[in-house]
Structures are given as structure tokens and as C-alpha cells.
Amino acid sequence: MIVAKRKPLTEIAEMLAPYKKVTVVGCRSCVAICLAGGEKEVKMLVSALKLKAKKEGRKQQFDGFVVERQCEKEWVTEVEEKVLDSDVTLSMACSLGAQTIGDMYPKHLTFPGLNTGIFGVPEEQGVWSEKCVGCGNCIIHTTGGICPIARCAKSMLNGPCGGSANRKCEVNLDVDCAWAAIYDRLKIQNRLDLIEQVTPAKDWSTSHAGGRRTYVREDARLTPHQKKGKEAVQ
Amino acid sequence: MVERKPKIVGFCCERHGMDAVVLSARTGKQYDASVRLVQVPCTGRVDGIHILQALEDGADAVFVLGCLEKNCYYDTGSIEGRKRVGYVKQMLSEVGIEKERIEMFNAASSNAWAFPEAVGKMVEVAKKLGPIGGGERQ
Amino acid sequence: MKAGSNLEKVFESGQFAVTAEIGPPQSANPEPLTHHAKMLRGYADAFNLTDNQTAVVRLSSIASAVIIMREGIEPVIQMTCRDRNRIALQSDLFGAAALGVKNVLCLTGDHHVFGNEKAAKGVFDLDSIVELQTFNALRTGGKQLGGEQIKDPPKMYLGCAENPFATPYEWRATRLAKKATAGADFCQTQAIFDMNMFEKWMDEVRSRGIDKNVHILAGVIPMKSAGAARYMKNKVPGMIVPNDIVDRMKNAKDPKEEGIKLCIEQIEVLKKMKGVHGVHIMAVAWEEMVPRIVKEAGLLPRPSTP
Amino acid sequence: MKAKVQVVLCKCCTEMPTLLDMERLAKVAAESDNVLSVLTVEAVCDGKQLAELVNDVKDKELDRAVVLACHKKDVSPAVLKAYRRAGVNEFMVELVNIREEVVLPHQDEPERAQAKAESKLRAALARARLLAPLEKQSEIMRTRNIVVIGAGVSGQAAAREAVKSGAHAILLEKTGKSLKAPGVILPNSTLVGAEGYGGNFKLKIRAGEKIEVLEAAAVVLATGGGWTQLKGPLAKAVKDAMPLYKLYEQLQAGAVPRGPVVIVDTPDPAGKTLKVQDYAWDDTLETAVELKKRHPDIQIWIVFQEMRAFGLSELAYKEAAEMGIKFIRYDKAGAPKIDPKNPTSIAVKDFSQGELVNIDFGSLVFASIPSNPDNEGIAEALRIPMTAEGGVRRGSIQRWPVTTPKPGVFVCGSALFPKSREIATSEGEAAGAMAGEFVKKGTIEFGGAVAEVEQEKCSACLTCVRTCPYEAPFIGKAGKAEIRIQGCQGCGMCVGICPSKAIELHHYTDEQVMTETRTLLGGDF
């Protein structure tokens, strides 16, 4: 899932300082699950911002709401009034949610309350680690199920580099060396032959390097005939 | 001019926490009358929102009183309570509010001095810091 | 001859090669380079010019190479994948070759978190092995990575680095084999302090015949102090410094002298080791010691310089 | 429906009026919304007065009450029972502790005490208006089986006590030893899995080669110590070194141990120090005395880092010293060492004399008892926590010392940490008796002030599932969290941590807690 974390409140407060009326919108999907932008966080954020305003003697109004999935227009419509009724909307969803609101109401200001970080896995409660970078061309069937692009600091295809000490990454000694892990995994699977040959250069065109990506499922798209109202005309 | 009395709210678990409160009273301990307790079954029930809301509603200081961590009636409840308090402390310091205004205390039910001591500490903090944002002074 | 470099000639003639390292300055001033070039001329067969080593911004390795070539010594340019994508790597290879550089050492590169531009965005489009493969395809068939056929293939002698002391140890010889397959002509190893472990690695390398395809230059570092030994032991990932070496440095009356002595002893051992075709002396910020080490290790005179 | 509240002001005999103005309190109550009746009584714990209150409720058809008296735990059973008879749900009675929270601790500040009492009254009223009746549910225990794991000293004691309550004791003994205990002993058997909750467990038992499912109302863990697991350099150096109980058995069997005998506290003296209570010193001393009595010519040494001889075993210490048993205390720096090449001699630095002592011995005995390695599998099967030392972690002392955090699972003896036979026996008795009492009820009561998930809000993030110590939350068929009500203890940990605010704790809802807080803060200080 998408893992995000709340921006420092100092940064959020600074962003919102010029505005009188702030609507905070959270999301019940990924960011709720990663404890960053669910109803609880929204409520606590609103409360903390109110306290700050009170402390500094400023008149600012904060209201919090939560939608099911902020990255989908239909859900955002539920809070449309609250959004448009404010001077600025603080999105407590991942950047996808913030951009959805922004795209829907282009004249309205929508600011991010979270830093969207990683495609992560909860290793344990409260710990998420990156395991995918969305390169668009998965190869983990050849690397023992471990992604070297996401889990190696240098995204090496022929690792590990010379900095792998005690099976840890030179960049962060708390992080396992992805290639040591790949080696170990393939060894127990008796498939070391997979990495004995040189893995050639990766085709990055399927990743963000190939430009902004759009995935289309033609059979799922509605034809102009199926669309309603203005959309159909377009 | 009458000295302004501090406003303190304590969320107290109904197990060791409340037992310690009762024992302190029964052993004749006296403490500042500025403290108002809200009983919860376990400090693990305390939500950061409760603490923040109490500050919004005018508390100068808020504390949470629970069982000792190794002897919590609900096994791990007071550990949860401590973590919640820690998170709110972090949030408060990010918005420029003194994190000393909130605190977690633990007590055994046989511990008569723990509660008065906690109150003493919180009263000191509340008197030193006063109401958030100045507020109405009496 | 693949590129006809001096280093290549020394290897091909079966002589024990010596290379050393020159760190380009953290400025646009070429003077330190010319100074070192003059000082070291004749004491090694080729000199490595590091490529923003440990991700610290320095004078570019290709420019440095040209500067020392003016002083009549041969460069080995290092080229990392950290700062260049495949376009820049191939373009820089053309550029270097055009300027007369004949040796290139292909590296993935130290991660930028260690350097002085920590906020950088690392490139890592290729890794060192694919870089080798790419350069090899360019020089042998004139074929670019993207498939384009070019007219005048660059002539270049290709090197790689390998660390026998990084985990998983049992994979390290295989990794060198991969580099050999990818096109490496020579290999510089990480600095060796644990001779037993290096010997073990060499056993594996020899048993697989990798030393027949790649000329191995054993890396050595003269240490200035016990602190340096401890630092390398504890702080540099993938470096193993046995306790007895740390102790020896610690107990020495004159640690600098002891460091030089130790380095020379190591070279003596390496000279006799089967499959080791030379040494690479990394006297970081202590380049002035290289002539003495080379001389006292009995490695003089060097075969005639070009 | 509008709340109809009765307010009761208890004078707690004479204590309240000495500090508080009861009339003013009554006035505050009377002037509050929804209050239809205000009564002042001498003592709410007096049955006659309680009856009056209850009649008042009936007469005026009130649906809830706010009672200002003393500590909830002291008054609640009688008061709640009386109200229940009058048709008022027990969760509709708000008990406010004025005695211990206001009167006793603020003796010198009558005015502030009055203000505090008034705001507590107002807050209780605000809370009372938000109360909702809750029904408890019950489930019949399908069996009266109490499964005791381990048929050793503590297990036998547990079985003995358990059957007194009419329960059936079933003892799982991992060895094939013939042992005696009331109830059934299944030899060569152990616990491998468990489903259900206290009162109705379904246990998976491995008996010999077979796996059987056994229903049980309660479980007693009496796994004992890890007798066969002697780890540490001393045990490694001396092949025939033995734990204390072996020496004890030898003595009982009439065998003569090879002298001299050295008893060391632990086989790993230079390692992590065990806590003082982790040694059965009373057994050690008594066994040493017994040995000396039977075989006065055998020299005995007791080598220890710290010793605590409980109660009367202090006498055994004295006796031992008088009989000529030698004691050597060491500290970690001078920990005893044995050269594996010479495994009949131990070297230890005497802490008090500062000398290095070499003792040649015939038998080496260890006083400590390692944790039973079986605990791990059993704790895993029952999903209960363990200590870092490998014992079973016990529940809060308020639930009694022989409980685990899981209701219906009890623990005793060296399964917790090493014990002497005597203490293990009494703990076994306690655990057996508690399990017996638990089973005797015949029904499990649950519900009431427990958690409930509002599924539309749930993101199925598993946070509650991972946090709950009782494994009450689970993801149900709808793909949303649900609370297994039989498991819920009503602590509210899941409620406080739910990122989607999808769980409420009945009787302590956010609204109830925050309204009470707000009302308290709105009053005078």
C-alpha cells in the first residue's frame, strides 16, 4: 500500500497561517491504515492546530472530515461543500488524494498535509518498509522474490556492491543488503544460476523515466455513448 | 486580586490508578484541589484526542495515571497509554506548546504517595505555564 | 592489444604491475595534480583518477587525466554509475578516448549519502557490471547499449573493482567472474589487511580460472595511525582489518613508519601469490609515500613509461 | 426519550457534611436538567436507605441515577443490585466518588472542595444523560474439564484443589512416568494448539502419536522447570553435572553422591545474572542439610552470587553453616571457572576473603532451574506472553499471582520462574483452586462495557487485531473488524488506537469521556 507520514505540524501551520478557514480532509484508505491520515489523525491535527491558534491568539477556524478514498472523485464529492466553503483545504491523504481535490476544484487551494513516501509493507505494527518503486516491469521471479530496484540503495541488477558488510547496506546499517538477501534466498531455492550470468541493463521506459504513465483497461472504459451529461459530449 | 487556580485534568484507570488515588485519600494525603479526574477502564482507552480536547477546553495541564507497566491489569494497557501521551507530547511541541503540560504516571494500588506526587508535579507545571495562550486571568 | 595502454603492455608482458591513486582536488586548481604527477612519475605504470570519490565533489576524472597526461604519466580514469545515466557514460567514454585516455575503471560508485551533496538524486541507471558490458560492446563491436552501430569504436582497456571482504563472501568470486564475462581486463581489489581471507578468495578465483581472464591488482593502503586502522575496521563497510594489525599500529613507537613497513610486508606477500599480477597502492592523501613504498618493496625500476 | 435522573447524595455517615455544604449540592442537582429527584441519605450502603432510593425510582419511573458516595468498588455491588431490582440497568447508574476524591484529600480547602464536588456532580449528570443500558450475555460452559499441563509437583497440587470444586482434572504429562494425582493423567502428551476462550476452550492435544481435541473450561500451566536443559560453560565442562532435583532424587532413592559435593547457583555464572528469586535457595539449603545429615563425611560447598533464604529456610542456612557446609560468595568478576581438561576441580574467587579457592569435587550440582523449553510451544498454542527468561508471563497482580493475562488460563510453579517444591506446591494449589472456582460458575459472562466496531468506518487495517492483548478483534467475513465479545475485557485499547475511529467502547464512548471532561473544565476551580 501507499505509505505516508504527517508533515511536521510546524510546516503545516506555516502553510495555513494566512488563511482564516481551513478544511482538513482525511482518507480511510492506505493513509488510515498506515496511521497517517485517518479520522483519528485528522481529529488530532485539527485539535492541535486549534491549540496553536489559541496560543498565538489568532482567529482561525479548522474543521475535519474524512472520505472513503480521496483519490476518487465520487468520494470527494461528499465533502465538496466543506471544501469550497473554506479558504484552503488541507489534504490528509496521499498526494493522489490532494491532487484529486486540486484537480476537481482548480480555483480552490489544496495543500498537502502528508508526505507521501513509499510503496511499503508493514513489517510490524508501526514499521513500514519500501519494497517496490513502481518501475513498471517486475522481475522478482528472477531475484528470489526480492526487488533489487527498491531494496538496494543503488538499484543494482548485479549486486551486491562492495559495501555490503555483515549482510547490511552501507547506506544504512539497519537495513538488510538486498543482494545478500537475494543470494540467500536463491541459495535455499537452489536457483543461484539465475544470477550467475550478467543481468543486462534494465529497460526503464516502463518506469517514471519513460514519462508520466497511464494504465488503460480498454474493456473497462465507458464509451462516449455510455457516458452521461457533459462527459458524453466531450 | 485572587490568584488564578490551575486547571488540571487527569485520566485515571479504574484499576491500579484509581486504587492508588483511593489509598492516598484513605491514608490522609492532602493535595491541591485543582485536579479533576476522569475515570477510564484502562489508560489504553485514552485517545490523544481526549488529551488535546481537554487542553482546548481550557485545561492547563493533563495527565494520565495508570497501572505500572509490568503489572497492568489489562496486561499492556499502560504501555499503550504511555505511547499515546508520547505522541501527543510530540504534536504539542511541534505546535509550540510546552509538552510538559501533559504527562503519564504509573502507580501500584499499594502506592499511596504516587498520586499526590503526580498532582504536585502537574500543579507546579500548570502554575509555571499558566493557561494556553494567556486566556482569561482571574 | 585492446587499447595499447602502458598498463596493458605491462600485464601482457607478464610483469608485476604497480598502480597508484591520485585524488583530484576539490577545486578547479590543476596544480595539485601536476605536483603529484611530477612526484610520482616513474614509480607506477598507471595512476587512478578517482571519480568524485565517496561522492565528494572534485575536479572531474577525465579532466584530471588530461592534466596528468601532460606530465607524461598514464591515467586510469574511474567512471561511476552514480552520476551518469547510460547516455552520459557512453558519451564520456567517447570523450575520454578522444582525449587519449586508454584505461577506464568501471564502478557503481559510493552512494551519495556519504558525500558532501547528500541531497543529490543518484542516477544508478546501470551498475558497474552492465557498465563494463556496455563499454565492452562499444569497443569490440562498436555497438551502443541502445543498439545503434557506431563508426569508430573507442579503444579502451577496461578495469573493475572487487571487494573480497564484502558479504556474502562466498559470492565474491562469482561476482568477479561476472565482471570478467562482462569484459573486464583487470581488477583492483579492495584494500587487503586480512591476508588469510584474501588467500581464500584467491583460491576460489584460481580454481575457477578467473585469474586467467582478469589481471588482478591487489589493493593496499599504507596506514598513518592506529586511529586510521580502527576507523577502517569499524566505520568502512566491507573492510576487514584484523585485530592484530590494529594492535600492531597501536603499539608502534612510530605509527607512520610502522604503516609503511606493514604495507611493504603485504606487498612482499602479494608478489608471491599466484594469480596476483600487480598491486594497487591507495595512499590516500599520502601520495608522497608511494615512491618509497615502491622502491622498498623492490618494484623498481618500472618498465619504461610511454 | 428524555432522561429521568435521580440524584443521591450520601453523607457517608457524617463525613461529607463536615466539609461540604450538602444543601448547596442538592440545589445544584435540583436545578439541573433532567433531574426529577434529589435525595440525601446518611449511608447508601445501608440496606434500608437503599430500599428507599429504589422505591423512589419506582414511584417516579426514573431511568437512571447519579450517586455521590465513596469508592466505586466498595459501594457498587450492593447499589447496582438494588437498582437492577427496580428496573434500572446497572450501566445507567453513575457512581461518583466524593469521599476519596474530594472530602478526604481537601480537608483544608472547604470552598475549593465544594466547587470540585459541584463540578463533579455536574459532570456526572452530563455523563448520565449520555448513558445507555447495556445487557450482559452469558454462555454455558460446555465442560467442567480443567486441563493441567504438567503432572509434577505443582500440577498435582493444582489437580488436587481443582477437583474440590467439582471439576474434572486432566493432566498432560510429557513423560511416561507413572504419577499419581486426582483425575486423569495422560502420559506422553502435550498441548499443541488451542481455540476458544476461557470457559470454552478447544484444545489440541498430542497424546503419544495421536492428535486429539479436548474441550476444557480452564487450563493450568504447571510445566515446571527445564530440568534437562543445562546451558553454560560449567555444565559443558562437567559431563555428569546435575540439577538440584537429581541430587534430591538420589538422596530419596538412598544413593550416595560422590563427594565432595559442590553446589553452584548457575551453570553460567559469568553470564546474565539471574534474579535472586530465580533460585530455589530453600530447597538447596534443605537438600544440602539432608545430605550432610545422611552422609556427614561428605564435604559440601555452596557457591553463590546472591542468596535469599525465605522465611523458615533461614534456619536451614544456620543449620547448614553449623554442620560445616561451606559457603562461598563470588561476584561476576571472580565467577567460578572449570577447566574442561580438568573437570573435577572448580576455581572461584571468594568475594569476602578475596582469595582464589580451588575445590576438587566428586559431584557438581546447580541450584538454578532453567526455564522449561516447552513453555515456548505451549505459550504459542495458547497465545499467551512469555518472559525474556523463557517463563510464562503472569497477569497483573490484581488478577492474582497465578493468572496469566488470558482469562481462564492459570499458571503456577517453575513455569513462571524457578521455585522450590514447597512454593510450587502452594502455587499449584492456588492455581487449581482459582481454576476450580472459575469452572464452578458454569457460565461465562461477557458483554456490557465492551468494544464494538462500526463497520462502515473500518479500514480493516489490523491495528486493533495486533494491539489487543486478548485477541478479541478479528477480521470477519465482511472483511471488516469485529470484536469477539467473549474475549473482550473492555479495556478499550483498540478504541484508543483505531486510526479510523471505527471502534467505540460502550459506557466509555468518546462522547461520554469528552463531555465529562468538558463539563469538569467548565466548572469553578
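# Notebook: four chains, one predicted model

**Chains C and D.** I started with a gap: chain C and chain D do not touch, and their nearest C-alpha atoms are 24 Å apart. By contact I mean two residues whose C-beta atoms, placed from the backbone, lie within 7 Å.

**Ground rules.** This is a predicted model, in which local features need pLDDT of at least 70 and side-chain atom pairs count only at pLDDT 80 or more, while totals for chains, interfaces and linings use all residues. Residues are numbered from 1 along each chain as its sequence is written, and chains are lettered from A and ligands numbered from 1 in the order in which they are written.

**Who touches whom.** I checked chains B and C next: they do not touch either, with nearest C-alpha atoms 24 Å apart. Which chains share the most contacts? Of the four pairs in contact, that is chains B and D.

**B against D.** I found 41 residues of chain D in contact with 42 residues of chain B. On the chain D side, the elements giving two or more residues are helices H5 (98-103), H6 (110-129), H15 (493-497) and H16 (510-522). Helices (H or I, at least four residues) and strands (E, at least two) are DSSP runs, numbered from the N terminus. H16(D) gives the largest share, eight residues. I sorted this side of chain D by type and got 18 nonpolar, 13 polar and 10 charged residues. For that sorting, Ala, Val, Leu, Ile, Met, Phe, Trp, Tyr, Cys and Pro count as nonpolar, Asp, Glu, Lys and Arg as charged, and the others, Gly among them, as polar.

**B against A.** Here 13 residues of chain B are in contact with 17 residues of chain A. Helices H2 (48-56) and H3 (77-94) of chain B are the elements that give two or more residues to the chain B side. Its largest share, six residues, comes from H2(B). The chain B side divides into seven nonpolar, four polar and two charged residues.

**The sheet in chain A.** I then followed four strands that form an open sheet in the order E3-E2-E4-E5, with parallel pairing. Strands pair here if DSSP finds at least two bridges between them. The edge strands are E3 and E5 (109-112), each of which pairs on one side only. Neighbouring strands are turned by 25° against each other on average, direction ignored.

Strand E2 (residues 21-27) got a closer look. Is E2(A) mostly covered or mostly open? It is mostly covered, with six of its seven residues buried. Buried means 20 or more other C-beta atoms within 10 Å of the residue's own, exposed means 12 or fewer, and partly exposed is in between; the C-beta atoms are placed from the backbone.

E2(A) pairs with E3 (residues 61-67) over seven bridges, in the parallel sense, and A:Val25 stands opposite A:Phe65 there. With E4 (residues 88-92), E2(A) pairs over five bridges, again parallel, and A:Val24 stands opposite A:Leu90.

H3 (residues 39-55) of chain A lies across E2, E3 and E4, running at about 175° to E3(A). H6 (residues 95-104) of chain A lies across E2, E4 and E5, running at about 175° to E5(A). Axes are lines fitted to C-alpha atoms, for helices over the stretch in contact, and angles run from 0 to 180 degrees between N-to-C directions.

**Cores.** A nonpolar core is a set of buried Ala, Val, Leu, Ile, Met, Phe, Trp, Tyr and Cys residues joined through C-beta atoms within 7 Å. The largest has 162 residues, and those touching the most other members include A:Val31, A:Met92 and D:Val66. Apart from it lies another core, of 111 residues, among them A:Cys161, C:Phe135, C:Tyr157 and C:Ala180.

**Domains.** Domain bounds come from an automatic or database domain assignment. Chain A has domain 1 (2-118) and domain 2 (135-203), with C-alpha centres 38 Å apart. Chain D has domain 1 (5-134), domain 2 (145-226 + 372-443), domain 3 (233-366) and domain 4 (448-506). The C-alpha centres of its domains 1 and 2 lie 44 Å apart.

**One residue in chain C.** I looked up C:Asn29, which is found in the loop between strand E1 (17-22) and helix H2 (31-40) of chain C. Why does C:Asn29 count as exposed? Because it has 10 C-beta neighbours inside 10 Å. Its C-alpha atom is separated by 31 Å from that of C:Leu126, 97 residues apart along the chain.
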